[in-house]
Amino acid sequence: MTAEAKQATSVQTPNWWWRWFARLGPFVGLAVVILIFVVLMDAPGRFLSPFNLRIVLAQTVIVAIGAIGMTMLIISGGIDLSVGSVIALTGVVTALNLSAGRAPLLAVVAGVAVGGLVGIVNGLAITRLKVVPFIATLGMLGIARGMAKWLAGQQTVNVPDTWVNGLLVTFPDPPWLLLAPGIWLTLLLAVVAAIVLRNTIFGRRVFAIGSNEAAARACGISTDRLKVWIYGLAGLLFGLAGVMQMSRLRQGDPTVAAGTELDVIAAVVIGGGSLSGGEGSILGSMVGALIMAFLRNGCQQMGWANYVQEIIIGVIIVIAVAVDRWRLSRVVA
Amino acid sequence: MPLLELHNIAKRFGPTVALDGVSLSLDQGEVLALIGENGAGKSTLMNILSGALRPDAGEMHLDGHTYTPASPVAARTSGIALIHQELSLCPHLSVAENILLGAERARFGWFDWQGARRQALEVLDVFHHPEIRPERRVAELSAPARQVVEICRAIAARARIVLMDEPTSSLQREDVERLFALINRLKASGTAIIYISHFLEEVRQIADRFTVLRDGRSVAAGEMAGVTNDTLIAQMVGRTIEQLFAHRQRHAGGEVILEAQELSAPPGLKSASFELRRGEVFGIAGLMGSGRSELVRALYGLEPLRSGRLAIKQRPVGLRSAAAARLRRGLGYLSEDRKGEGLALALSVADNTTLTRMRACAKGWGWLDLSRQKQQTAGLIEQLKIKARAPQQPTRALSGGNQQKVAVARLLHQDADVLLLDEPTRGIDIGSKVQIYESIARLADAGKAVLMVSSYLPELFGLADRLAVMSRGKLSAARPIDEWTPESVMKIAIGESGASG
């Protein structure tokens, strides 16, 4: 009886092999992508040259910063479709402030703050008006894009030359930085976000509401307030992505970044995030963003047409999620 | 002065009256058993006490002060913790995090992993379950282990009143003993416990006093010591068992219509062999998680069978054939999960009733004859005494019992030869139960074969011709109903003696 009861209540033996596969999966994907292009290319040295790596990293920054915010949202069981429009809006806000001659730091803060504000509005629409995240942020996708065009007077906003324009340059000044300041900032934010998610009460509650919202509420967590916080925080990051976008273009363009939200969501999902909540990691999402950047860059270097890239990325997303489902069915029987 | 006092609490959901005057009182350091049938209003009352629902009428006093919790948070701060019947854990989080969820200790907002581990171990130690380590992800735990975690959560919250809603339904014998030892310790430290269960023996072992709920009213209360089980049952049911199951003639059964040999569908179902005859009601008893639902689902093709032999009307069935194919061979299925799987609540009564055999109300070429559908549904509404305004009414607007009758009406409309019923009367009112019992008896009399899974033994004893018991994925040998006693069924169900029988 004792032995039997033990067996019945015992926990299932975790499959370490699968556990590690899950953790390493995105890295394996990244290695495979790089390997394929190295093999295909006539001059593999060029693909892996420091110069090209700097370009790839700089191209990753916008999606990567967005993916940090999106990872939190997706872990909490939410989603934000307005990222592309918010990037355009906050880029325009930053550019307008710069062209009005305000201090560059103030312009950057304004851009980031507008992102946070949009996030809070999204959060309130979801919690107070009880609109599902998909629809609430779909609405915001239109609203933010419209406001960006309105503020910019339907044209691009040119900006004076300040340090803001140098955030994503290929050769940073001073040269000992090695990588553009925006890349270092992204790395720092990723590390901070990973620690917050793992080691703070806020972070663990983000996982809790994504895993079982009813249980979290029953345990006395004010889920609504927490959601507004998460959307606001993610919004700040989307605002920063907008500043980076403006820096790269050296102008505020209200039509830019249409569809970027899909790249950002794809990065999170490739990195192991689950759209049903409770799962995801910053590290995975960063690798996911890198996979997409290497794919884009590699396709360009190969001289393949844009549509080829789109097809490949589409296929990769579906494969990544299919592998994930297959893996889950093994880990949690 | 009692710690908690309820006076004439009432609550209705739309047309359904869930509570209609419940009064009870609870003293410090005592265990009060709240007994009643499924659907008597026990869970609604627990939800009101734990702040998830607000009563429509009545008064609650805690420590002599008016108690009106606005939310689960408020109830928790007042020292009332609910252990849910349906588990409410976050599968992606660790055991320690789940135990402390909502009450995490922090240093400047940083999650204190070491402290959490220590606190979790403190409560886990009580249960002597070394295999439940605090850092384990809950998704990896078995159902009883999860239940232990859930109970640990309430203890960690240092509640003054702990509400336990069927806490032993997925626990092993040993764990039940540990739970009782724990309840006694809580009691000694002054904590009061409201203990919900319909296992009378269990209640007798742990409770000091009882309150019986029937149809949303508190109908009796008193000391546990001075009352017999028969009295309690009579008060729960409001009439004697014999009155519920009148006129059921026992059948020896006709030709074999379904034959199962050594069926297995891991992990839930390990082995089941039986045959089902026309005109009989074949009962399957067993505890939650014993594999009884998995058996029914595998028979109907909702879970793939791994091995064994299955034949319907002497013709073999492919182990992996789909439900649709088995439905055409004459199987009909009633799910235990009415809301999730049994009915499409947003659709009309007519659509739900005719869904499995829409062809019966079609003109051909796939065109529905709506008036024929309406007419056929109206006939079944009449026959089963379903309280619906019209066939077009959305099923959602009906009470639980009437929804269940719609599910039964669908089986009648389908005209299935073999009816697989999984908990056909769970959570519905007595009146609807009696009507469903009558329908089942009528179907068997008309030569159908009925396989009925139930966790409510009296209804199996009242209806079934033969009975088998499921325990840990294995089905015992089937025997005529008069060769069983409730005790012998329970013995096998909890796996005490040679389970195969």
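Strand 18 (residues 331-334) and strand 21 (residues 418-422) of chain B pair in the parallel sense over four bridges, where helices (H or I, at least four residues) and strands (E, at least two) are DSSP runs numbered from the N terminus and two strands pair if DSSP finds at least two bridges between them. The structure is a predicted model, in which local features need pLDDT of at least 70, side-chain atom pairs count only at pLDDT 80 or more, and totals for chains, interfaces and linings use all residues. Residues are numbered from 1 along each chain as its sequence is written, and chains are lettered from A and ligands numbered from 1 in the order in which they are written.

Within this pairing, B:Leu334 has B:Leu421 of strand 21 as its bridge partner. Strand 18 of chain B is covered on both faces, with B:Leu331 and B:Tyr333 buried on one side and B:Gly332 and B:Leu334 buried on the other; a residue counts as buried if 20 or more other C-beta atoms, placed from the backbone, lie within 10 Å of its own, as exposed if 12 or fewer do, and as partly exposed in between. In a regular strand the side chains alternate between the two faces of the sheet.

Elsewhere in chain B, four strands form an open antiparallel sheet in the order 2-1-4-5. Strand 2 (16-26) and strand 5 (65-66) of chain B each have a single partner strand and stand at the edges, so one side of each is left without a neighbour in the sheet. Strand 4 (residues 57-62) of chain B is joined to strand 5 by two bridges, and B:His61 stands opposite B:Thr66.

In helix 8 (residues 181-199) of chain A, the buried residues are A:Gly182, A:Ile183, A:Thr186, A:Ala190, A:Ala193 and A:Leu197. These cover an arc of only 100 degrees around the axis, which puts them on the same side of helix 8, the arc being that of the directions from the helix axis to the C-beta atoms. The face turned away from the buried side carries the exposed residues A:Leu188 and A:Val192.

Between the chains, 31 residues of chain B are in contact with 28 residues of chain A, contact meaning that C-beta atoms, placed from the backbone, lie within 7 Å. Helix 2 of chain B supplies the largest share of the side of chain B that touches chain A, three residues. The model scores ipTM 0.73 and pTM 0.73.

Note on methods. Contact = placed C-beta atoms within 7 Å.
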